[in-house]
Amino acid sequence: MRTPGIFILGMVLAPCGWILELISTVAPAWRTINNIPGEPIDLVLQQGLWDICRTSTSSRDIQCNQQDTQYFSAQIIQIARGLMLSALILNAIAIGVATAGVRCWTDKPHWTVAGVGGLLIFISGVLTIIPVAWYTHTMTSIFSASTDVRVGYCLVLGFIGGIMEVLGGLVMSIGLCRRCSGRKRAERPRYDPSPRRRDTVPSVSGGSSSSVPYYSKQSEMDFARAKRQQDSRPATSTAYKARPYDTDL
C-alpha cells in the first residue's frame, strides 16, 4: 500500500519548518537598528534572542557578543526564548511520532499514531507563530538606541516555518478523523438483504436447458376436468326447422 498523500505532505513540511524555526531561534537578526547617533552612518546593529552583532554596509566584518542589558531584560525576549525552545523540542518529538505512524515499510500506516504526531506538529507551529507575531507587534516599543528599527530576516523565517508546521500538522491530523469515522462505520449495523427466492424449473433432459415449455401435473388435471365438463353439456341442434305453409299443402 502506498503512503497517503497527506502523510507525505506533512512529513515534508514539518522538517522544513523545523529547520527554519531553528535558524530563526539561533540567528541574531530579529530586528536591525540603523542610523545610531554617535556611530558611523553605515553601522547596523542586529539584535536577536541570544546575541547582538555589529556590522556595516561597507564591509563584511561582524562583531558579535555585544552586551545590552536593557534589551535582554525585556519581557518579550524571555518569553520568546522559552516558546521557541519548546517549539523546537516539541516538533522534533512530533516528527519522530509521525514517522513511527506513517511507517512506509509496512502495508498499512497507523492512522492514530500519525494523527497524534500531526497534532503535535500543529501545536509546535502555533508555539512558533506566537512569539514571532508578538515580537513584531512590540518591536518598536523595545528599548533601542535609534528610532530607525526594521524587521530582521529571522522574523520572516519564523513566520514561514510556523505556517509550514501548522499546515503540515493539520493535514496529518486528518488521520484522527479517519480513525473516528472508521470506528463509527464499523459500529453501524450493516443491512444484509435476504437473497431472492428463485423457482427452479426441472429440466426434461437430465439437467440440460430446454426451450420446450414445462407443464405440471396439476395443469394436466385441470385440462382434463375442463374437457369432461365440456363433453357433459347437452348438445344443441343448430339444424333449421321449417314450418309448413298453406302453399305447401
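**Exercises: packed helices and paired rings**

Y71 is buried, as its relative accessible area is 0% (buried means under 20%, exposed over 50%, partly exposed in between, using a 1.4 Å probe and protein chains only). Before you start: this is a predicted model, where local features need pLDDT of at least 70, side-chain atom pairs count only at pLDDT 80 or more, and totals for chains, interfaces and linings use all residues. Residues are numbered from 1 along each chain as its sequence is written, and side-chain values use heavy atoms, with hydrogens and water left out.

**Exercise 1.** Work out how helices α1 and α4 are arranged.

*Solution.* 
- Step 1: find the helices. α1 covers residues 5-26 and α4 covers residues 111-137. Helices here are DSSP runs (H or I, at least four residues; strands are E, at least two), numbered from the N terminus.
- Step 2: get the numbers. The two pack at an angle of about 30°, and their axes are 11 Å apart. Axes are lines fitted to C-alpha atoms, for helices over the stretch in contact, and angles run from 0 to 180 degrees between N-to-C directions.
- Step 3: pick the word. α1 and α4 are therefore roughly parallel (under 35 degrees; over 145 is roughly antiparallel, 65 to 115 roughly perpendicular, the rest oblique).
- Step 4: list who meets whom. I6, F7, A14 and E21 of α1 touch W111, A114, I121, S124 and T128 of α4, with contact meaning heavy atoms within 4.5 Å.
- Step 5: sort them. The contact has 6 nonpolar, 2 polar and 1 charged residues (Ala, Val, Leu, Ile, Met, Phe, Trp, Tyr, Cys and Pro are nonpolar; Asp, Glu, Lys and Arg charged; the others, Gly among them, polar).

**Exercise 2.** Find the aromatic pairs and describe how their rings sit.

*Solution.* 
- Step 1: count. There are 2 aromatic pairs. Rings of Phe, Tyr and Trp (its six-membered ring) pair if their centres lie within 6.5 Å; planes under 30 degrees apart are stacked, over 60 edge-to-face, the rest tilted.
- Step 2: take W30 and Y135. Their centres are 5.1 Å apart with 75° between the planes, an edge-to-face pair.
- Step 3: W30 sits in the loop between α1 and β1 (31-34), Y135 in helix α4, 105 residues apart, and the pair links distant parts of the chain. W30 is buried at 0% relative accessibility, and Y135 is buried at 0% too.
- Step 4: take Y71 and F72. Their centres are 5.3 Å apart and their planes at 70°, so this pair is edge-to-face. F72, at 15% relative accessibility, counts as buried.
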